[in-house]
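Then we'll walk through it together, one part after another.

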Amino acid sequence: MLFLHNNNYKMIVKANENIIFNIMLKLKFHAKTYYPLICLFILFFLIPPDLNGQERQKNHLKTVVIDAGHGGKDPGACGNYKDEKDLVLSIALKVGKHIEENFPNVKVIYTRKTDTLIPLFERAKIANKNKADLFISIHVNANGDSKIRGTETYVMGLHKSKSNLEVAKQENSAILYEEDYSKTYQGFDPNSAESYIIFSLMQNAYLKQSLNFASYIQKNFNQNTNLKNRGVKQAGFLVLYKTSMPRVLVEAGYLSNPREEKYLNKQEAQTNIAESIYEAFREYKQKVESESVMLTNQKDTSAAQDSIHFKVQVAASSDPIPMDSDFFSGHENVEEHHLSNQYKYTIGNTSNYEKIQQLKQKLKKDFPGAFIVAFVNNEPVSLDKALSIQNNH
Ligand SMILES: [Zn+2]
């Protein structure tokens, strides 16, 4: 820290200030948008240039977060016997217990084990902080139409039907019980359809795994419970929005349907639901772990045909930057990479190192901190490693 005051450091700080100022002038952003832009640039310059080698170990499902919806002053869907918050806590604890008993090496983390209110983004933070490999949010549903019944498992995304949006609105309304919700969720109004546009801009890095897991849950509900299978669906849930791992939100039946409500209040039903989610977990774990073994084997035998790609990293941010924003305007082939809880943005894609150097020079005009990153077989690696593999071919 003693070296903080040397001239080089001052020059770097000065340069950064100029860059930020120039870009702001160019974009003519409103005052409100200055703050995220500044954050973005600070991140860009402080984060070491490493798309490389920091991905979480893929081959083992080590940590799972089980999230019982609602709690405390937020009852969730209200019932004649018990409210959603109590039913889902009972189910969540049972799911966790099954996993702990059968997989002692898997770390089970609960967002709540008691009747307390945990903010939605806080739940996501718990999962991210613990580098969870899977996030399961457990809920039960309600609808104005008491005839509607059955189970649904949601993955993160933009709703494709009005009824999916209604479920998301209901669940996201949990934030109305949080103090400062308007600030925390940057003006997100859970009841306004317009707010949900943010979910159309996100790229869902874990969609395939999430869909897999969701389909296992629905299959097991079908086999082990009396609940009708309403299928795997997609909608924008705040609790899933910021969690960066495969994640699902389970709606294990409707409290608004009298027959289903009675069923859900039975211990036996809660046990069956929990066992179904556990069984889906077991199948999912087996699948991801067998797949990664296959990938590793393939890599070993096909080392001679590694495909190498160079790209230019132009930005990194803890929050996603819309790909169609002014920030990238005038540039083609912008790609988003979600790595280590960071969104990183690259431009260009070539196996020719000379070409990527030329592109980097060009991009320096708009993105002064741009640098080259390398991928081997679509995995980020250090530039040195990529070049040495290329030179040995
Ligand atoms: Zn709920």
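First, some ground rules. This is a predicted model, where local features need pLDDT of at least 70 and side-chain atom pairs count only at pLDDT 80 or more, while totals for chains, interfaces and linings use all residues. Residues are numbered from 1 along each chain as its sequence is written, and side-chain values use heavy atoms, with hydrogens and water left out.

Let's start with the whole thing. The protein has 13 helices and eleven strands; these are DSSP runs numbered from the N terminus (H or I and at least four residues for helices, E and at least two for strands). Of its 393 residues, 48% are buried, where buried means under 20% relative accessible area, exposed means over 50%, and partly exposed is in between (1.4 Å probe, protein chains only). Take the contacts (heavy atoms within 4.5 Å) between residues at least 6 apart in sequence: 78% of them join residues at least 24 apart.

Six strands make up an open, mixed sheet in the order 2-1-3-6-4-5; two strands count as paired if DSSP finds at least two bridges between them. At the edges sit strand 2 and strand 5 (229-235), each pairing on one side only.

What sits inside? The largest nonpolar core has 42 residues, and Val-64, Ile-66, Ile-136 and Phe-213 are among those with the most contacts inside it. Such a core is a set of buried Ala, Val, Leu, Ile, Met, Phe, Trp, Tyr and Cys residues joined through side-chain atoms within 4.5 Å. Helix 11 gives the most to this core, with nine residues. Zoom in on Ile-136: leaving out residues up to four places away in sequence, its contacts include Val-64, Ile-66, Phe-213, Val-250 and Ile-277.

Helix 8 has 18 residues and spans 26 Å from its first C-alpha to its last, close to the expected 26 Å, which is 1.5 Å times one less than its number of residues.

Next, which residues hold the zinc ion? Its protein donors come from His-70, Glu-84, His-139 and Glu-171, at 2.0 to 2.5 Å. Donors here are N, O and S atoms within 2.8 Å of the metal (3.2 Å for Na, K and Ca); water is not among the atoms, so sites may look incomplete. His-139 lies in strand 3 (residues 134-141) and Glu-171 in helix 5 (residues 162-172), so the pair ties together parts that are 32 residues apart in sequence. Both His-139 and Glu-171 are buried.

Finally, look at strand 8 (residues 334-339). Five of its six residues are buried, so strand 8 is largely enclosed by the rest of the structure. Strand 8 pairs with strand 9 (residues 342-350) in the antiparallel sense over six bridges, and His-338 has Tyr-343 in strand 9 as its bridge partner. In the loop between strand 7 (308-317) and strand 8 you'll find Pro-322, which is partly exposed at a relative accessible area of 30%.
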